[in-house]
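Please open the model in your viewer and keep the sequence panel beside it. The stops below say what to select next and what is found there.

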Amino acid sequence: MAFFKRQENFNSLKARLKGGNFRQITDNFLSLSTVQLLGYVFPLIILPYLVHTIGTEKFGLTETAASFLGIFTMITNYGFPYSASRQIAIARDSPEKVSEIFSAVSTLKFLFMLLSFVILYILTIFFSKFNQERVLYLWSFGVVAGDVLFPIWLFQGLEQMRYISAINLSARAVILLLTIVFVRTPEDYIYVPLVNSVGQVFIGIASIFIAHHKLNVKFTLPKVHHLKFQMKEGWNTFISGAAINFYTQSRVFIFSLFVSKTLVGYYSLAQRVAGMFQVYPIATLLNATLPRLNHLYSTNKIKSIELLRKMQRYSTYYTLVAAPICFIFAPQILRLVTHESIPESIVTFRILLASVTIANMNIFRVHYFIISGNYALFSRLHTIASFSGILLMLVLTNIYLHIGMAIAVTLLELGIFITTFILTRSYYLKELEQ
């Protein structure tokens, strides 16, 4: 009976998805899976090589720079990954409207990139932490430029992710080859961000070409009121995105303010591997489904909520099975990456697994506020979480080092989970009553 019940649930889920083109969602999921998997598999191939070639300390330096540059990626993204993707998902049947959104968002992202580069350049002149590794930070900025060129929010909104897979495969292969060719000694660590920047810029340029020639998306000089509209639409999600960035992407940089470069390297390894468990397949599934949920919510709120809750349940089931396995085999998993046993990375990885488990059990639920257009509440939730999280990180890292950072991250995710669970229950009931 249990088997037939699960089969019935799966068929029910498939039927709901079919209403919005099940094949399209499957295609998006497989394409995004390829993108996300390549984004982690190739680094996992490169990681052992980098750790062996440049050493844990130099690896920690490159990760610190990448973590700090994540702040500028947050600035250039503004709130567009959510707001623009949602607009395009709703207006995808109007090529003129899609081109209008694309033009305005792309222009704003380019202007934010120029502002970001000026800020970074000033930092590398007047602050010793950045001046000592000036070339490292400036070359790392290429990843930000590539991200600006890469309108993944456009492909997600149009549910046309299959084009990105081939581009990513080519770019990751180039990055792998260039890393092996140019990074041969510890002093070559400076080339790591340059190689990554070349790959990201390649992806960006190729995706713009595809958007223009395959998807018929045209760039036109945007009108001022279109720019203002996109700034307004993206503001709340920008605030929430900035908050999320500070307690996710900037962890390594914050950690580097308190500990040695070697310990930063140990923590970076653990976070990178734990992040793979979160990104694939759960975050990939979310990104593949989110445009469909946005579009469905605009036509049938109840079905959208029912589908969202069911996707969250399946994500939770997967996590509760996978997390204990990863915990038990943590030493073996990390040894595959580093080719050595590092106690600091193992204990950090196991604690971070708890944070990833909690995040996966909440990942669809928390995006209800985006799907329903309640950006203000989404923003407030993550702003409060950001301040609380940074405070926890500063206090616990100062006392317990890498273990303290991992505990702080876990406590933060637990707080977000509890708050989101309470809030969404009341909102679900209101939607269903209406």
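This is a predicted model: local features need pLDDT of at least 70, side-chain atom pairs count only at pLDDT 80 or more; totals for chains, interfaces and linings use all residues.

Begin on the surface by selecting V135, W139, L177, V181, F182, Y191, L194 and V198, which together form a nonpolar patch with about 660 Å² of accessible area. A patch here joins residues that have over 30% relative accessible area and no salt bridge, with like charges linked within 9 Å and nonpolar side chains (Val, Leu, Ile, Met, Phe, Trp, Tyr) within 5 Å; the areas come from the Shrake-Rupley method with a 1.4 Å probe, and for residues only the protein chains shown count as cover. Two or more residues of the nonpolar patch come from each of α6 (134–149), α8 (162–182) and α9 (191–213). Helices (H or I, at least four residues) and strands (E, at least two) are DSSP runs numbered from the N terminus.

Residues are numbered from 1 along each chain as its sequence is written, and side-chain values use heavy atoms, with hydrogens and water left out.

Now colour the whole chain by secondary structure, which shows 18 helices and 0 strands. Of the 434 residues in the chain, 56% are buried, and the chain exposes about 19,600 Å², of which carbon and sulfur atoms supply 66%. Among contacts (heavy atoms within 4.5 Å) with a separation of 6 or more, residues 24 or more positions apart account for 84%.

Next, go inside. The largest nonpolar core has 92 residues, and those with the most contacts inside it are F68, L69, F72, Y137, L154, V217 and F349; such a core is a set of buried Ala, Val, Leu, Ile, Met, Phe, Trp, Tyr and Cys residues joined through side-chain atoms within 4.5 Å. Helix α2 (residues 22–77) gives this core its largest share, 13 residues. Select F68 and, leaving out residues up to four places away in sequence, you will find that F68 touches L120, L123, F130, Y137 and F253. A second, separate core of 22 residues includes I282, I305, L377 and L381.

Stay on helix α2 and move to I75. Which residues does I75 touch, not counting those up to four places away in sequence? They are F112, S116 and F238; I75 and F238 are 163 residues apart in sequence, yet their C-alpha atoms are 8.0 Å apart in space.

Follow the chain into the loop between α2 and α3, where Y78 is found. Y78 is buried, with a relative accessible area of 7%, and has a positive phi near 50° although this residue is not a glycine. Most residues other than glycine have a negative phi. Helix α3 (residues 80–91) comes next: 10 of its 12 residues are buried, so this helix is largely enclosed by the rest of the structure. The buried residues of α3 include F80, Y82, R86 and Q87.

Then select T124 in helix α4 (residues 95–126). Is T124 buried or exposed? T124 is buried, with a relative accessible area of 0%. A polar atom of the T124 side chain lies 2.7 Å from the backbone oxygen of Y121, and the T124 side chain also makes a polar contact with the side chain of R134 (3.4 Å). A polar contact is a pair of N or O atoms within 3.5 Å; within protein, one must be able to donate a hydrogen and the other to accept it, and residues adjacent in sequence count only if both atoms are side-chain atoms. Leaving aside neighbours within four places in sequence, T124 is in contact with F130, N131, R134, Y137 and L138.

Remain on α4 for E100 and K97, which lie 3 residues apart, about one turn of the helix. Their side chains meet in a salt bridge (3.1 Å, N to O), defined as a side-chain nitrogen of Lys or Arg within 4 Å of a carboxyl oxygen of Asp or Glu. The structure holds 1 salt bridge. E100 is partly exposed at 26% relative accessible area, and K97 is partly exposed at 33%.

Finish at L401 in helix α18 (residues 375–433), where phi is positive, about 55°, in a residue that is not a glycine. L401 is partly exposed, with a relative accessible area of 34%.

Terms used:
Buried means under 20% relative accessible area, exposed over 50%, partly exposed in between (1.4 Å probe, protein chains only).
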